[in-house]
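Morning, everyone. I'll take the contacts first, then the sheet. Have a look at the model before I start.

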Amino acid sequence: RRPAACSVGAGGAAAGGVLSEEAWGKQSVHDSMLLATGSADLYAYVFDVGGTRAKLVQRLEGHTDRVHAVSFHPQDPLLATCSADSTIKIWGAKTDRYRNG
């Protein structure tokens with residue numbers, strides 16, 4: 001199997017998804033200490049690393065192969081993930097379903 005090429009940033013995307021209120025909290029995205037990771041198990045994970053111990057706040061489901069790259073938008077509450085399934089997904093706070101397009 002050929003590895004997918006991923007470039008995740010502030011550009012366009014093929015699909016989108018949802019980040020929980022717990023992941024973003026009630027505070028501004030600029031005040032959050034969140035860490036996102038990709039994984040070989042088809043998911044991306046969002047951790048709160050602002051305390052004395054990292055806490056998993058959300059597992060993002062939607063990819064059908066390994067998640068190779070993740071990137072937060074520098075100003076808006078958005079997270080992009082790129083997978084070996086040849087898709088890039090944009091996850092936004094307070095949305096209730098995927099957006100295709």
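By the ring rule, the count comes to 2 aromatic pairs. That rule pairs rings of Phe, Tyr and Trp (its six-membered ring) if their centres lie within 6.5 Å; planes under 30 degrees apart count as stacked, over 60 as edge-to-face, and the rest as tilted. Tyrosine 43 and tyrosine 45 make an edge-to-face pair, at 6.3 Å centre to centre with 70° between the planes. Tyr43, Tyr45 and Phe47 form one aromatic cluster.

A word on the source. This is a predicted model: local features need pLDDT of at least 70, side-chain atom pairs count only at pLDDT 80 or more, and totals for chains, interfaces and linings use all residues. Residues are numbered from 1 along each chain as its sequence is written, and side-chain values use heavy atoms, with hydrogens and water left out.

Is tyrosine 45 buried or exposed? Tyrosine 45 counts as buried, because its relative accessibility is 15%. The cut-offs: buried means under 20% relative accessible area, exposed over 50%, partly exposed in between (1.4 Å probe, protein chains only).

Now the sheet. Strands here are DSSP runs (E, at least two residues), numbered from the N terminus. Two of them pair if DSSP finds at least two bridges between them. 3 strands form an open sheet in the order S2-S3-S4, with antiparallel pairing. Strand S2 (34-37) and S4 are the edge strands, each pairing on one side only.

S2 and S3 pair over 4 bridges. Threonine 37 has tyrosine 45 in S3 as its bridge partner.

Next, S3 (residues 44-48) and S4 (residues 55-60) pair over 5 bridges, antiparallel. A hairpin of 6 residues joins S3 to S4. Phenylalanine 47 has leucine 56 in S4 as its bridge partner.

Last, charges. How many salt bridges does a search of the whole structure find? It finds 2, where a salt bridge is a side-chain nitrogen of Lys or Arg within 4 Å of a carboxyl oxygen of Asp or Glu. Glutamate 61 meets arginine 59 at 2.7 Å, N to O. Glutamate 61 is partly exposed at 43%, and arginine 59 is partly exposed at 38%. Aspartate 65 meets arginine 66 at 3.6 Å, N to O. Aspartate 65 counts as buried, because its relative accessibility is 9%. Arginine 66 is partly exposed at 28%.

That's it from me.
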